[in-house]
Amino acid sequence: MEIDFTHHQSAHCENGVVSNLMKHHGFQVSEPMVFGIGSGLLFCYIPFLMVNHAPAITYRAMPGFIFKRFANRVGIKIKREKFKQPANAKKRLDENLKKDNPVGLQVGVYNLVYFPDEYRFHFNAHNLVVYGKDQDNYLISDPVMEHVTTLTDKQLEKVRFAKGAFAPKGHMYYPIYIPKEITLEKAIIKGIKHTCRDMLAPIPIVGVKGIKMVSKLIRKWPKKKGAKVANHYLGQIVRMQEEIGTGGGGFRYIFAAFLQEASGILNNPKLKELSKEMTQIGDLWRDFALDASRIYKNRSGKTDGYNNIADQLEHIANKEEVFFKKLKKAIK
Amino acid sequence: MKKDDVPQDKGSLESADFKELCYAVDENGEYTTVNSSGWTPKTIALDNAIEDINERVENAKKRVLNNETSPVEYYMEYHKMDLGILASYVGLWKWRVKRHFKPKVFYKLSEKKLQKYADVFDVTIEQLKNITLHGN
């Protein structure tokens, strides 16, 4: 059986699944719109969590939050199910497919066979849509891929029951109620307000303050950790910022695209100006990544280089602080 | 980022023949999406990360062959895991897995425990006990 489902490629998996599921149910919602309303933009440095032997830095909200907030703000009800037994997880999935209901799944990346080997790390918050079954093969629409693909029974079970941080436990979700008319205006304002609050939060590891903190840490790394570890940490920051899924510049470009679209819907020209400003900030993030890459390319441990990129980060933090204050005023 | 500035460098994705989506502005300042084949700063970061893992695997291999650690550590590094991830896959406490790093303890493990590790690492018990039999 195959459900008539249209696959659209997106930058980020979670926005992509939501956007594709919404489109399937007849509502044209773009990826940036989902990201903006769900307040996906964030910066957070998590000192006590190590990912691939480097401190964790994230440029986005916690996995699952974007969809949750988006659904709340536009009035959709979602059914979520988690399972202890893989057999039950499979049964419920098959039941939904029989009812012509495409579902979103949370999966681990490490055993996702269609991903290039280099990208298969133990990351458990990837999302995809299953839209049918052809004998033993599930039909998969993975939003970060250009085309649809398939997974066998066993392969799907493996990724649905990956272990470690954020273990998906077969997590399956789909909308059960969608209002007849969706009005985005209020939802957009809520989303923007939330993002401003996050980015300006008075918490040292979150938002603008978090960026400043990382900038300070970078200055210390070459001396404290040695060239090798410092290089590894820098590489990890750039990967988190630019790896598949961010749309470039640590989600800043997607956010700028959202502001541009929002400006039209709310009839607010200020947002269009701010969108341009965010694009420029995104460019600064790209420059930062480029200069950081020069350091780890040459395996350099020279403090000058580290100080230089730390200055850049501080500059970005100051720019974003001004930006989000302006954004907060623009929607009042 | 302008549409024409979206990097089309040789990337690690090329081999898999897939392009990722980037957001960029067109001539009129409107946002649009462009597919990108890769960006060198990213590719270097990923290459370095993989090199780092290979180094860890090689290092673990040597230590297994010198009988300084058990094959569990080698397979753990090989599968890009850390102690926490491995512990949750085999369903044991971290300290117990760590204890199994000791060759003395490891070679006395029950068949059942060994099978658990073998399943997680997708190898036979013979391969688990003797890493020279492992494919790569």
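A salt bridge here is a side-chain nitrogen of Lys or Arg within 4 Å of a carboxyl oxygen of Asp or Glu. By that rule the structure, which is a predicted model, holds 24 salt bridges over all chains. Four of them lie across the interface of chain A and chain B. Two examples, one within chain A and one between the chains, are set out below.

| Salt bridge | Closest N to O distance |
|---|---|
| Lys228(A) and Asp52(B) | 3.7 Å |

Strand β3 of chain A spans residues 77-81 and includes Lys77(A). Leaving aside residues up to four places away in sequence, Lys77(A) touches Tyr174(A), Pro175(A), Ile176(A) and Tyr177(A). Gly132(A) lies 55 residues from Lys77(A) along the chain, and the C-alpha atoms of these two residues are separated by 23 Å.

Helix α7 of chain A covers residues 207-242 and has 36 residues. A straight helix at 1.5 Å a residue would reach 52 Å, but the end C-alpha atoms of α7(A) are only 18 Å apart. At Lys225(A) the helix bends by about 125 degrees.

The interface between the two chains involves 48 residues of chain A, in contact with 40 residues of chain B. The size of an interface is often given as the accessible area lost when the parts come together. For chain A and chain B the buried area is about 3900 Å², with 57% of it on carbon and sulfur atoms. Counting residues at pLDDT 80 or more, 23 residue pairs are in polar contact between the two chains.

On the side of chain A that touches chain B, the elements giving two or more residues are α2 (31-37), α7, α8 (252-266) and α9 (269-297). Helix α9(A) gives the most, with ten residues. By residue type, this side of chain A divides into 18 nonpolar, 14 polar and 16 charged residues.

Technical notes
Residues numbered from 1 in each chain as written. Chains lettered and ligands numbered in written order. Predicted model: local features only at pLDDT ≥ 70, side-chain atom pairs only at ≥ 80, totals over all residues. Heavy atoms only, no water. Helix = DSSP H or I, 4+ residues; strand = E, 2+ residues; numbered from the N terminus. Expected span 1.5 Å × (residues − 1). Bend = angle between axes of the 7 residues up to and from the residue. Contact = heavy atoms within 4.5 Å. Buried area = accessible area lost by both parts, 1.4 Å probe. Polar contact = N/O pair within 3.5 Å; in protein donor to acceptor, adjacent residues only side chain to side chain. Nonpolar A, V, L, I, M, F, W, Y, C, P; charged D, E, K, R; others polar.
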